Amino acid sequence: MTGDVRPVFLGKLPDDVDLVEGELVNGELVQEPEAAIPVDGPAEPSDWLAERRAWLAEAPQVVPDWVRDRGQFVDTASFVARYYSRETAFYALRSPVYVGRLWGRSPRGVARLIYRWWRWVNDAEARPVQAKAAAGDPETWMKFVAMQTNRTGPRRRLSVVVAVPVALAVTLAAVFLPGWALAMVGAGLASVLGLAEQDADRPIIKRYVAVQLQRRPDSGEIERALEAIGIKGAVDFTAPIVADGPGWRAELDLPRGITVNKVLEKREDLAAAMRRPISTVWPEGDRDAHPGRLVLWVAREDPAKAKRKLWPLMREGQADVFEPLPFGFDPRGNLVTVTLMYSNLLVGGIPGSGKTSCALAIVLGVALDPSAELHVFELKGSGDLDSVRPVCHRYVSGDDDEDLQAALDGLRAGIAEQKRRAAFIKSLPSSQTVEGRRVTRALAERYPEQNLGPRVIVVDEAQELFTHPEYKDEAADLCTRLIKKGRAYGIILILLTQNPDAPSLPSSVSSSVGTRLCLAVMDWRANNNVLGTGAHERGLRATEISASEQGTGILVRGREGGTVRAAFIKQTEAEQIGKRALALRIAAGTLTGQAAGQAPEPVDRSDLIDHLREVWPAGEDAVHSARLVEALAAYRPDAYGAWLNVEGLDEAQTREARAAASTMLANALKPYGVATRQINRRGAGGGAKGLRLEDLPTRQAVPLGG
């Protein structure tokens, strides 16, 4: 610890005077002495104990759980016994084959041993050097000959000494030993000679090798791979390489000054350096440590070739959209869920990256919640989502203008439903909205007549809407409003696109979504369009995912994310799940819309221009804005009633309200390219801002339900 340091004064100081640095005391300056520098003393016992307690809290158990627990111990011992019993039985059954191979190779073994003996006796390794010396320097050659003679002479004598007793022993054995003994000796000798003919490409005992399984990684392999991709310097393994689920986990500190991002951006190169499939190598950072801590997980089996893990709701069960829905699995095989309630979802990736697998896992989960109302607009026309058609309130499949218009109508209806629910939730007492002014499962069950269950709007191939010359602006506006305002009231928007570039995915939409899934993309721009600004720099890189890894992507909630592979559901399986979802809804009595045989509800597609034409006074070529707002408020009070409310206002306040209404009308007309202008009228009204009939776009209003 650091000791206390006080200013010193060498003179005599009165008892009631405190030392203050920089002051004069009896004519002398009080100063901080140079010698009074604080120094670190020995650690106090409390620090020592705190460090040991922290270590003990994380220390591994002395006796593992599987040893202390009788059930686990019995299971482990039983497994070990079964494993080695099977190994013993496997090789014992094949032992005659192994012996036959040894005997068959014994003649070649004899020839190989004789050849090796001849080369050793004659010092064949030195002959090339001797021949080279003879060609260049006779004196040196003579020295080589003398040296070789000194080596080969003893070898020849030793060969004679060994050969004579061996030949004598063989002769005596042939004469005196019985036949069965000679057979055993011959078999043993043939086996030994067969071992001399070992061939790495043709082993005697062929072990079973699971070609789909990867070898266990070791520290040397990882160090060499990092060096091969340009990570120079010593690495420090902070923990042993251990089994982690269906693979192995290695934790290490990279060389000083090198961050994990430099490894993440070279994932493909790292897999090549480790000689493993790219889908088995998953580097990531440890956000709880420091930027240079690398966590490398290596799969035991290539996920693309591994046995398919079943979606949890494949054969039984139902879902709850208010709770997380099962979606897929991470590289370790752990279940990954997606929370749709109070959020929205954006899925993007290049064609062929597995968007359909993602869509099926999502919409089937929603379909298995009988209280959820499903609106699906599949704008490709392929019928990939036909399995949920029987339960959808609204289902559209196609890429014609009428299909796009239907999707736009669905978004408009979502906005209208959001406003209705918002008004109802606002009217409730705070005692019923303790979780906030939002839709909850409790409210939905308490007020079934209000139909407050989740409404999920799915737009597949959303780029068709966002790039349409006539619909793109309104589609972007409607989606942005739904994403920002609808989630609290159970209106959930799911957008899927195979063209996640800037024109096909408006920034106002992509920047507002709470949950994002980016499948394989070509560049960092598309990556960031889906996952958010800076995602690629933070290590969330869908650019490292191959299109062949279908359904695999980066799932991000907020700023945190990870790799996930959507559960693969075959179309035949999806149809069976759809039938189960239909049965659940029939039993619950929640079939609505098209699923209940009802015609699509008529949608009002008229807009502000149409409404202005409806209220325009006959015979007038120009009208003041305030008068038009009054007429609009009377014609459509639900849409324009809030623009002008002069009830209870005095004359001055009324004038201000009318001026504000005129400004609101001018702002609402800007997207149509219509501007208000000064209109001077004799008599009542005088001069004020207004519109001319000729300024309104000349187009036919879309009739109600058209």
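This is a predicted model: local features need pLDDT of at least 70, side-chain atom pairs count only at pLDDT 80 or more; totals for chains, interfaces and linings use all residues.
Two strands count as paired if DSSP finds at least two bridges between them.

**Confidence**

The protein chain has a mean pLDDT of 83, with 88% of its residues at 70 or more. Residues 1-39 stay under 50 in pLDDT, and the model gives them 44 contacts beyond four places in sequence. Residues 700-706 likewise stay under 50, with ten contacts beyond four places in sequence.

**Strand 5 and its partners**

Strand 5 covers residues 247-253, and six of its seven residues are buried, so the strand is largely enclosed by the rest of the structure. Strand 3, at residues 236-237, is joined to strand 5 by two bridges and runs antiparallel to it. In that pairing D236 stands opposite D253 of strand 5.

Strand 4, residues 242-243, also pairs with strand 5 in the antiparallel sense, over two bridges. Here V242 faces R249 of strand 5 as the opposite residue. Strands 4 and 5 form a hairpin, with three residues between them. G245 lies in the turn and has a positive phi of about 65 degrees.

| Residue | Opposite residue | Strand of the opposite residue |
|---|---|---|
| D236 | D253 | strand 5 |
| V242 | R249 | strand 5 |
| V623 | L691 | strand 20 |

As a general point, side chains in a regular strand alternate between the two faces of the sheet.

Three strands form an open sheet in the order 18-20-19, with antiparallel pairing. Strand 18 (622-624) and strand 19 (677-680) stand at the edges; each has a single partner strand, so one side of each is left without a neighbour in the sheet. On average, neighbouring strands of this sheet are turned by 60 degrees against each other, direction ignored. Strand 20 comprises residues 687-692, and three bridges join strand 18 to strand 20 in an antiparallel arrangement. Within this pairing V623 stands opposite L691 of strand 20.

Where is D384 found? D384 is in the loop between strand 11 (373-378) and strand 12 (394-397). Its relative accessible area is 17%, and D384 is therefore buried, given that the cut-off for buried is under 20%.

The side chain of D384 makes two polar contacts that can be named here: one with the side chain of T356 at 3.3 Å, and one with the side chain of K380 at 3.2 Å. Leaving aside residues up to four places away in sequence, D384 touches T356, L360, E378 and Q571.

**Cysteines**

How many disulfides does the structure hold? The structure holds zero disulfides. C358 has a relative accessibility of 0% and so counts as buried. C479 counts as buried too, because its relative accessibility is 1%.

Key. Residues are numbered from 1 along each chain as its sequence is written. Side-chain values use heavy atoms; hydrogens and water are left out. Buried means under 20% relative accessible area, exposed over 50%, partly exposed in between (1.4 Å probe, protein chains only). Helices (H or I, at least four residues) and strands (E, at least two) are DSSP runs, numbered from the N terminus. A disulfide is a pair of cysteine sulfur atoms within 2.5 Å. pLDDT is the predictor's confidence in each residue, from 0 to 100. Contact means heavy atoms within 4.5 Å. Axes are lines fitted to C-alpha atoms, for helices over the stretch in contact, and angles run from 0 to 180 degrees between N-to-C directions. A polar contact is a pair of N or O atoms within 3.5 Å; within protein, one must be able to donate a hydrogen and the other to accept it, and residues adjacent in sequence count only if both atoms are side-chain atoms.
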